[in-house]
Amino acid sequence: MAKLPQSIDALIDTYGPHLNFTPAGGWLNEAQHAPDTLVKTHCCFCGQQCGIQLKVRDNTVIGFEPWEDFPFNHGMLCPKGVKRYLQGGHRDRLLDPLMRTDQGFEKTSWDTALSFTARRLRELQDRHGKDAVAVYGGASLTTEKAYLMGKFARVALGTRHIDYNGRLCMVSAGTAYKPAFGADRSPIPWSDIPKAQVLLVVGANVAECAPITTSYIWKCRDQGGKLIVVDPRMTPITRNADLYLPVRPGTDLVLLMGMLNVILSEGLEDRAFIEAHTSGFDAVAADVAAYDLRSVAEHTGVPPEAIEKAARMFAGADRAIALHARGLEHHSKGVENCSALINLCLATGHLGHEGSGCAMITGQGNGQGGREHGQKCDQLPGQRSISDPEGRAHVAKVWGIAPEEIPQAGYSAVEIMEAIHRGEIKGLLSICFNPLVSLPDATFTREALEKLEFFGVIDFFLSETAQHADVVLAGSLQEEEEGVVCSAEGRVIHIQQAVTPPGNARVDSRIICDLAEHLGKKTFFPYTHPREIFDELREASRGGIADYYGITYERIDREQGVFWPCPSADHPGTPRLFEGGVSMHPDGKCRFLQTPWRESGDPVDADFPIYLTTGRVVSQYLSGTQTRRIGGLVEQCPEPFVEIHPRLAGSLNIVPGDWITVTTRRTEITLQASIVKTIRPDTVFIPYHWPGGRSANRLTHRTLDPRSKIPEFKVSACRLAKAARPLSTSSAWGWGPTRTKES
Amino acid sequence: MSEREFYIDPSRCIGCKSCMQACEECDTHRGHSMINFDFIDRPETIATAAYVCFHCEDPTCAQVCPADAIKKGLDGIVQSALEPRCIGCSNCVVACPFGIPKMKVAEEQMMKCDMCYDRTSVGKKPMCATVCPSQALTFAAPADIARDRRETPTNVFYFGEQKVVTKVFMMVPEGVEAVSVDVVDYMWEERAWL
């Protein structure tokens with residue numbers, strides 16, 4: 001059913017991506033007319049959630065002005081933040097609901113689109129059971145929308161299968177932090193970062209993926225702090241590293257265990273902290289004995305003296321912070337990797353005081369808030385486990401249903417796609433997710449989408465995934481609906497509605513509520529404004545881990561954000577968690593967790609001898625649905641490339657600009673070589689923001705961490721060969737031609 | 001806030017080009033970025049540098065202009081070539097020791113950084129220094145720079161025998177030893193692994 005209704009070229013001609021270089025009305029027109037209003041809100045992209053003011057005129061966002069008073073970024077913005085406003089008035093914007101026909105997508109009425117969607121979902125459920133349909137959400141949604149999606153799946157549809165694209169982002173960290181500390185949130189506010197004496201940055205391309213955090217790291221250096229960077233690539237922050245550890249992809253765990261072994265062997269641990277505030281130390285201490293320096297060096301490719309030095313620097317500091325991101329987490333052992341880093345902090349007492357701790361650098365805009373209130377397959381609002389009877393009873397009461405009516409945990413994001421592929425799930429409703437670009441093994445994803453008997457999408461642009469839809473419900477951009485998000489540092493902030501959706505597009509929450517009405521569940525979705533959803537969410541989170549009960553829109557505006565937990569109106573919020581080393585577990589202890597080694601799901605061998613790792617560039621965001629439509633950002637990095645060390649390139653007679661076919665056990669893609677000394681010679685890197693023949697995720701594999709269910713994006717095995725330049729046509733490039741310029 | 005000065009610290013630059021994207025949003029030259037940006041040598045290093053016009057006390061660009069089109073204001077800001085006077089000869093582009101001026105062929109006019117006089121005159125920072133995520137471009141009070149930064153500022157440059165004193169400051173690192181930028185030099189494996 002869900003095969004493309006038209007050729008890819010025809011779809012792109014109509015729906016883009018087209019490039020927008022200039023603001024609505026043109027450069028000069030805007031300069032001649034002052035905006036009607038400046039709206040203080042936040043960036044729509046990464047987890048930093050920088051404050052920004054949007055210039056609005058005639059209900060269109062026409063530009064931006066830095067918001068220097070917002071305490072996180074003081075007006076600073078990365079290029080994505082600067083140019084995000086160019087989504088306003090974009091020609092690709094979906095202005096009406098669309099229904100697929102044999103001739104392509106056709107505009108339809110809301111009533112027709114909603115009735116059709118509800119009828120098809122119900123038909124599939126009546127025929128194949130409730131769980132035959134699944135819901136995909138996303139971490140760019142406001143927390144209100146994320147909450148609504150969770151409730152919609154469980155109450156309106158009654159399916160247990162709802163998950164979200166944060167499954168590709170934060171889940172390994174969350175799955176490690178929750179058992180260690182009792183909560184899934186970065187323990188520190190970012191204002192702690194400059195106060196550390198040592199920063200250990202593991203698998204985090206801060207400069208490109210969380211650019212504003214760079215200023216915090218540089219401030220730390222200005223005050224004498226030392227920077228240790230662990231990464232197979234010298235990312236831009238490495239230029240000022242005091243120590244650089246070029247870890248072999250997939251061996252972070254070994255390195256961290258090796259560091260802990262050095263610390264314990266030399267008696268550098270903080271015995272008082274371990275005894276007063278932790279449990280489980282002895283088992284971990286016994287495990288690290290196997291990680292002798294020589295073996296660790298051989299395994300990780302990091303010199304023994306550098307490992308020793310890093311361990312001594314980190315343990316020797318009074319205040320040290322370990323920052324990590326997807327480089328540590330996108331592994332078949334992503335949870336163990338994070339636990340090993342937490343163990344390092346616990347063993348050295350670096351937790352719960354100013355300038356000390358560990359922090360996950362959340363990648364997605366509402367990566368934190370989007371996972372706290374119910375669109376994760378195994379959680380209910382407030383970070384409550386869906387299998388916890390008390391949590392179920394509390395949420396069921398708020399929702400006005402019986403606890404047993406709440407389905408149990410469903411499949412995670414990749415597992416949902418696999419269930420679609422094998423025919424178990426037959427219908428899908430998706431919002432804020434472009435799995436065809438972002439899930440691993442894209443060929444498999446496309447096959448799965450083509451098997452769907454019904455596929456409904458809510459989106460503002462026609463993403464590569466949405467091209468496969470039966471019905472597309474024209475939704476809203478971030479600046480078109482009010483709500484809250486929670487930033488990487490745990491600060492709940494207020495997204496303002498700057499404009500209303502153009503044409504016949506509608507705000508997302510209304511679409512969901514209308515759909516619930518068409519499913520006969522209106523009484524559970526009576527909301528007319530996001531504030532009503534937020535107030536219900538506050539109640540639903542009350543008493544949970546991520547307790548938002550004391551947070552209101554007004555408080556956020558007055559206090560420039562409120563850090564959860566905030567259980568009551570007079571509670572100040574909690575910028576630093578686990579103060580004094582006291583966790584949120586009932587016994588107040590932090591837990592050392594054992595971290596058994598597990599091989600990569602796609603190991604290198606004689607046929608595939610090179611490591612492939614994937615990641616982002618600074619000018620693009622996630623699957624590119626938004627940023628591949630913004631001219632200035634596309635010009636900054638028009639095409640993906642394959643980064644190769646000159647030593648590896650030389651062995652294959654590759655010179656800069658050569659076209660290289662990269663082959664993994666899935667398939668192959670052909671890209672141009674970028675020959676740089678800033679990557680390990682046994683590793684190549686490809687950024688993943690593009691679709692079709694340029695999609696890095698055609699090469700990646702579906703191995704998941706068994707607990708967090710995160711895919712192992714950071715390690716695949718590949719081989720390289722010189723190739724002819726591919727024809728720049730859609731047939732040669734898979735799905736989607738290369739486009740860099742738009743007239 | 002007029003006591004604030006402009007500081008450039010290439011060692012902080014992460015190459016994100018936010019300055020370039022934001023510069024073209026400025027009202028006095030919308031659609032044109034006046035930032036000069038270099039990947040120093042991408043095959044060899046991740047180092048990048050973004051810089052603005054240094055606004056020389058005795059601007060070389062003005063000295064060599066045959067049309068007397070380049071003026072320095074009382075505020076020390078060296079402006080883009082005056083449109084009615086500029087003959088598009090590119091003398092300034094060739095002569096500037098910092099390589100700052102850009103010839104806009106379509107406009108037949110030399111354009112360059114004007115330090116956002118429209119913003120600074122109303123107490124705001126220049127756009128690039130406001131958005132720069134690494135604060136490689138900074139607009140701040142000298143006392144704050146002295147207190148907060150490990151590098152120290154200078155505004156005296158020598159180009160051969162030419163001494164140039166500028167309004168904009170460059171941050172100079174403390175004695176830095178030679179730094180290798182080849183990952184291989186940090187690795188453990190036998191060097192001849194391939």
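A: Let us begin with one residue and its contacts, bearing in mind that this is a predicted model. Neighbours within four places in sequence are left aside, and M111(B) is then in contact with H29(B), H32(B), M34(B), S80(B), K102(B) and K104(B). M111(B) itself lies in strand β5 of chain B, which covers residues 109-111.

Q: Does M111(B) count as buried or exposed, and why?

A: The general idea is to count neighbours, and a residue is buried if 20 or more other C-beta atoms lie within 10 Å of its own. M111(B) has 20 C-beta neighbours inside 10 Å and therefore counts as buried. As for distance along the chain, M111(B) and Q79(B) are 32 residues apart, while their C-alpha atoms are separated by 8.1 Å.

Q: What pattern does chain B follow along the sequence, and how many of its contacts, as a percentage, come from residues 24 or more positions apart?

A: Chain B has six helices and eight strands, and read along the sequence these follow the pattern β-α-β-β-α-α-β-β-α-α-β-α-β-β. Among contacts in chain B with a separation of 6 or more, 55% are between residues 24 or more positions apart. Of the 194 residues of this chain, 42% count as buried, and its C-alpha trace spans about 65 × 40 × 35 Å along the principal axes.

Q: Turning to chain A, which residues of helix α16 are buried, and where do they pack?

A: In α16(A), residues 389-399, the buried residues are G391(A), R392(A), H394(A) and V395(A). Seen down the helix axis, these buried residues fall within an arc of 165°, so they line one face of α16(A). They pack against β14 (379-380), β15 (384-385) and α21 (530-541) of chain A, whereas P389(A), E390(A) and A393(A) are exposed on the other side of α16(A). The helix is followed by G400(A), whose phi is positive, near 75°.

Terms used: Residues numbered from 1 in each chain as written. Chains lettered and ligands numbered in written order. Predicted model: local features only at pLDDT ≥ 70, side-chain atom pairs only at ≥ 80, totals over all residues. Buried ≥ 20, exposed ≤ 12 C-beta atoms within 10 Å, placed from the backbone. Helix = DSSP H or I, 4+ residues; strand = E, 2+ residues; numbered from the N terminus. Arc of directions from axis to C-beta. Contact = placed C-beta atoms within 7 Å.
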